[in-house]
Amino acid sequence: MPAEWRADVPTLELLNRMVTDALPLGIRSGRLEQWFHRDIYFDSADWALRRRGISCRFRTRLDDRRILTLRSAGRWEGGTQLALPQTFAADVPELEGEQALAGSSDPARRLRALIEPGQLLPRIQFETERRVRRTEPR
């Protein structure tokens, strides 16, 4: 696995300069890769899914893909694993998370077995932008 370097950058201006400026010491870089997505996590007003170790995420990506993901953390009792962690994800055609929850995808059907979609509301929302610039060998 190639070595990777990560760091916190204090300002957006500095980050933009770091991404576009030439690398030091004559190091060559490949093209800039950019990702952007918005995540909305759904749960009921009383956090019923969270209490059961389940998360429900609706992700919208920059390339207009929309992905509904239902994830369970598994279940342990007395040091014994009773249920394995599971993830169910599907590309969905719906534009809004609420519509996707009521849709016909595998994660939506599994979710309906646990809770009525009308009880779910957006609980956490955030946007993520990533920029990666890899070095090239000489």
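Which residue takes a positive phi in the hairpin of β2 and β3? D64 does, with phi near 75 degrees, and the hairpin has four residues between the strands. D64 lies in the loop between β2 and β3. D64 is a residue other than glycine.

The structure is a predicted model, in which local features need pLDDT of at least 70 and side-chain atom pairs count only at pLDDT 80 or more, while totals for chains, interfaces and linings use all residues. Residues are numbered from 1 along each chain as its sequence is written, and side-chain values use heavy atoms, with hydrogens and water left out.

Start with the sheet. Strands are DSSP runs of E with at least two residues, helices are runs of H or I with at least four, and both are numbered from the N terminus. The sheet is open and has five strands, in the order β6-β3-β2-β1-β7, with antiparallel pairing. Two strands pair if DSSP finds at least two bridges between them. β6 and β7 (120-135) stand at the edges. Each has a single partner strand, so one side of each is left without a neighbour in the sheet. From one strand to the next, the twist averages 20 degrees.

Now look at β2 and its two partners. Six bridges join β1 to β2, and these strands run antiparallel. I54 has S72 in β3 as its bridge partner. S55 stands opposite R71 in β3. How many of the eight residues of β2 are buried? Six are, so β2 is largely enclosed by the rest of the structure. Here buried means under 20% relative accessible area, exposed means over 50%, and partly exposed is in between (1.4 Å probe, protein chains only).

Next comes the core. A nonpolar core is a set of buried Ala, Val, Leu, Ile, Met, Phe, Trp, Tyr and Cys residues joined through side-chain atoms within 4.5 Å. The largest one has 16 residues, of which F42, L49, C56, L68, L101, L111 and L120 touch the most other members. Two or more residues come from each of β1 (29-44), α2 (48-51), β2 (54-61), β3 (66-72), α3 and α4 (106-114). β2 gives the largest share, three residues. In soluble globular proteins, nonpolar side chains tend to be buried together.

F42 shows how such a residue is surrounded. Leaving aside neighbours within four places in sequence, F42 is in contact (heavy atoms within 4.5 Å) with residues including L49, C56, F58, L101 and L120.

Helix α1 (residues 12-20) lies across β1 and β7, and runs at about 40 degrees to β7. Axes are lines fitted to C-alpha atoms, for helices over the stretch in contact, and angles run from 0 to 180 degrees between N-to-C directions. In the loop between α1 and β1 sits L25. Its phi is near 60 degrees, a positive value in a residue other than glycine. L25 counts as exposed, because its relative accessibility is 78%.

Turn to the rings. Rings of Phe, Tyr and Trp (its six-membered ring) pair if their centres lie within 6.5 Å; planes under 30 degrees apart count as stacked, over 60 as edge-to-face and the rest as tilted. The count comes to one aromatic pair. The rings of Y41 and F126 have centres 6.1 Å apart and planes at 20 degrees, so the pair is stacked. Y41 is in strand β1 and F126 in strand β7, 85 residues apart, and the pair links distant parts of the chain. Y41 is partly exposed at 22% relative accessibility. F126 is partly exposed too, at 36%.

Charges also sit over rings. The rule asks for NZ of Lys or CZ of Arg within 6 Å of the ring centre and within 35 degrees of the ring normal. R50 lies over the face of W47, at 5.3 Å from the ring centre. R110 lies over the face of F88, at 3.8 Å from the ring centre.

Finish at E94, in the loop between β6 (86-91) and α3 (97-101). Is E94 buried or exposed? E94 counts as buried, because its relative accessibility is 19%. Not counting residues up to four places away in sequence, E94 touches F58, R66, Q99, A100 and G103. E94 and R66 are 28 residues apart in sequence, yet 7.5 Å apart in space, C-alpha to C-alpha.
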